[in-house]
Every structure is written in structure tokens, then in C-alpha cells.
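Subject: Structure handover

Hi,

Here is the structure I promised to pass on. My notes on it follow below.

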Amino acid sequence: MKPKMTLKKIAAELGLSISTVSKALKNNKDISKENREKVQAFAKFYNYRPNSIALSLKNKKTKTIGVIIPEIVHHFFAKVISGIEEVANSKEYNVIIGVTNESFDKEVINMEMLVDGSIDGFIISLSKETLLKKDFHHLQETINRNIPVVMFDRVVDEIPSDKIIINDREAGRTAVQKLINEGRRKILLLTTKDYLDIGRLRTEGYRDALSANNIPYNKDLIIRIGEVGDSDDDQKILEDRIHKVFENHPDIDGIFGVNEIYAITALNVARARGIEIPEQISVIGFSDGILSKCSRPHLTTISQHGIQMGRLAAETLINRLEKMEEDHQEPQYTTHIVHTDLVLRDSTLN
């Protein structure tokens with residue numbers, strides 16, 4: 001077994017100073033090519049890796065980002081993580097991921113554990129329970145410790161931080177306008193409770209489109225959904241609610257779901273009732289995840305561009321971290337809006 005190497009041991013073995021070895025490992029041109037190649041070859045042979053803890057103590061930076069997401073199985077959040085990882089890796093930052101499973105307590109615990117582990121900064125999308133409680137003390141306390149936070153997708157105005165969002169209201173309006181352009185006039189909306197801003201804003205977009213086209217707003221065509229998990233019971237409850245609306249309003253000719261699960265559940269209920277899609281009803285969802293591509297028929301959807309959102313979140317946080325080293329003035333926070341697209345597939349009349 002090869003002995004474990006340190007900078008001091010490499011320097012002693014090669015008869016060089018520790019400073020020379022450190023610079024050579026970083027390929028610093030102040031060191032001769034001969035010594036750089038010699039040090040790098042020696043380090044490679046002994047599988048030398050810098051001590052990240054020692055480096056963080058010396059530099060007062062861990063080069064580590066904490067990412068907190070509500071759920072790991074959601075295609076959108078997986079895409080965001082991919083974008084974060086891409087940028088973080090390119091800038092030699094590590095990423096640690098925590099999952100809250102929509103729990104306020106788990107969100108607080110995750111942040112406390114990662115702060116104690118010397119995280120440089122956080123990227124977070126808030127849990128549903130945090131938004132319902134409106135308790136953001138853990139975020140403010142983190143910022144008070146000079147640890148920056150970048151929020152994405154689910155954000156709140158109460159916390160001073162950089163934010164990465166889409167224009168949810170405009171995206172909702174675009175989706176419903178597409179249905180109206182097809183001649184749909186009785187459009188079912190599947191949305192969240194209003195404590196989730198993304199659902200509330202997409203609902204406002206739905207109402208904007210109806211109003212712009214002189215179509216009356218009918219609250220009986222709105223299903224506001226609380227927590228819908230992955231269990232069979234949760235899905236059965238949602239399906240039963242959709243069936244009931246169809247029974248009361250058999251002339252529904254359009255459906256807009258503010259997320260992928262809602263839209264595909266409604267699509268499946270319509271098919272189970274013998275309704276032809278898109279000939280009789282057009283359906284549009286949100287997120288453009290793997291389910292949208294695999295549903296039958298394939299689901300027309302709003303793309304949130306999760307990878308782009310992740311890249312932008314990571315770039316924003318890393319820029320903030322690097323700026324903090326040079327600028328000790330009061331920070332000026334930004335809100336970046338990622339453009340969305342309507343992805344046309346077989347559940348609408350293209």
C-alpha cells in the first residue's frame with residue numbers, strides 16, 4: 001500500500017520547499033516546468049489529494065454549496081440539480097443536497113446541519129409546509145451569519161436574497177390562451193391552495209386569459225388541491241374530485257393543470273370516461289418532465305427550463321460568494337426571471 005502523502009512529505013521527498021510544491025500542484029508558471037512536472041507526477045503516483053478541511057480553515061471557505069429541495073423524485077428538481085452541478089463543478093465547488101419531503105422541520109434541520117458543516121452558501125426551494133407556516137426564521141438566521149441564500153421556484157419576498165423564478169402568471173396565461181385559441185371555452189383548472197405562490201400566480205394567469213377573451217369565470221371549474229402524494233389513496237381522492245366535476249359539467253372542453261401530476265391525472269380520468277383527446281378535450285400541464293413525454297397522448301406543457309434555472313442559481317450564488325470577499329457594502333439582491341416555453345404535443349390541437 002502506498003503511504004499517504006502530504007505537502008510536507010512531498011517537499012521532503014523531492015528536496016523542495018512546501019511553497020514550491022503547492023505552486024507546482026496548481027501549475028503556477030513561477031515554478032520551472034521541470035519542477036512542475038516532477039511534483040505533479042509524484043503526486044499522481046501517490047494519489048495525493050489536497051486536504052479540503054485544512055484548505056477551508058486557511059481560506060475561510062469550504063468551496064461547498066448546500067442545495068435544499070422539497071422532493072428528489074420530481075423531474076423539475078432533478079433538472080435544476082443538474083444545472084447547479086454543472087456550474088459548481090466548472091468552478092471547483094462541491095454540492096451537498098438535502099431533501100425536505102415538503103417538511104418545515106426537515107428543512108430547518110437540513111440547513112442547521114449543513115451550516116454546522118461549514119457550507120459557504122445555500123440554494124433552496126422552500127417546502128410546502130414552510131410556505132404554509134410562513135416561518136422563515138431559519139433563512140434569516142443563516143443570512144445573519146453571513147451565509148448567502150439563493151431561492152428558486154418557491155420563493156418569498158420576506159427574505160432578502162437573490163431569487164431565480166419564472167413568470168408564473170404569464171406562463172399560466174399562455175397555457176390557457178392556447179386552449180382558447182383552439183376554441184375551448186369551458187376550461188377546468190387544477191391548481192394548488194393559495195399559500196403556494198406558484199399555484200396562485202398560475203391561477204391568476206388562467207383568470208387573465210378568460211377575462212381577455214370575455215369568457216366568464218366559473219369557480220365550479222376550479223379544483224384547488226392540497227397535498228397530493230404518491231400513494232394510491234392520494235391519487236384516488238384527486239381522481240374522484242375530477243370525476244365529480246365532469247359529472248356536473250360534461251361539456252368541459254379544456255383542462256389546465258398547474259403541474260405535471262395534476263394534468264396527467266385529469267387526462268387519464270378523461271380517457272377513462274371515453275373522452276377523446278384532443279378531439280373533444282385539450283389538456284395542458286406544467287414542468288415538461290418525463291411523465292409528460294411518456295403519457296398517452298403525450299402532454300402539451302409549459303417548460304420551466306430547470307437546467308437553465310439551476311445554472312443561473314449556481315452562478316448567482318458563486319458570484320455572490322466571490323463578491324463578498326472583495327465588497328463589504330450592503331448587498332444589492334437581484335431577481336432573475338427565466339423564460340418559459342409552451343411545448344406542443346398530442347394532448348392539444350397543434
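At what angle do the axes of helix α6 and α8 cross, and within what distance do they come? They cross at roughly 15 degrees and come within 10 Å. Before the rest, the ground rules. This is a predicted model, in which local features need pLDDT of at least 70 and side-chain atom pairs count only at pLDDT 80 or more, while totals for chains, interfaces and linings use all residues. Residues are numbered from 1 along each chain as its sequence is written, and side-chain values use heavy atoms, with hydrogens and water left out.

Helix pairs

Two packed helices are described by the angle between their axes and the distance between the axes. Axes are lines fitted to C-alpha atoms, for helices over the stretch in contact, and angles run from 0 to 180 degrees between N-to-C directions. Helices (H or I, at least four residues) and strands (E, at least two) are DSSP runs, numbered from the N terminus.

Take α6 (residues 104–116) first. α6 and α8 are roughly parallel to each other (angles under 35 degrees count as roughly parallel, over 145 as roughly antiparallel, 65 to 115 as roughly perpendicular and the rest as oblique). α6 passes α8 in a left-handed crossing (the near helix is turned anticlockwise from the far one by less than a right angle; clockwise is right-handed). On the α6 side, the contact (heavy atoms within 4.5 Å) uses Phe 104, Glu 107, Val 108, Met 111 and Val 115. From α8 come His 137, His 138, Leu 139 and Thr 142. By class, that is five nonpolar, three polar and one charged (Ala, Val, Leu, Ile, Met, Phe, Trp, Tyr, Cys and Pro count as nonpolar, Asp, Glu, Lys and Arg as charged, and the others, Gly among them, as polar).

Now α9 (residues 168–181) and α10 (residues 197–212). They pack at about 40 degrees, with axes 7 Å apart. That makes α9 oblique to α10. The crossing is right-handed. Contact residues include Arg 169, Arg 173 and Val 176 of α9, and Leu 201, Glu 204 and Asp 208 of α10. This contact has seven nonpolar, three polar and six charged residues.

Gln 140

Gln 140 sits in α8 (residues 137–144). Gln 140 is partly exposed, at 26% relative accessible area (buried means under 20%, exposed over 50%, partly exposed in between, with a 1.4 Å probe and protein chains only). Leaving out residues up to four places away in sequence, Gln 140 touches Ile 159 and Pro 160. The C-alpha atoms of Gln 140 and Pro 160 are 8.1 Å apart.

Nonpolar cores

A nonpolar core is a set of buried Ala, Val, Leu, Ile, Met, Phe, Trp, Tyr and Cys residues joined through side-chain atoms within 4.5 Å. The largest has 64 residues, and Ile 255 is among those with the most contacts inside it. Beyond four places in sequence, the contacts of Ile 255 include Leu 179, Leu 190, Phe 246 and Ile 284. Another core lies apart, with 20 residues, among them Ile 68 and Leu 131.

Backbone points

A cis peptide bond joins Ile 277 and Pro 278, with omega about 10 degrees. Pro 278 is in the loop between α12 (260–272) and β9 (282–286). The bond from Arg 296 to Pro 297 is also cis, with omega near -5 degrees.

Asn 146 is not a glycine, yet has a positive phi of about 70 degrees. Asn 146 is exposed, at 57%.

Best wishes
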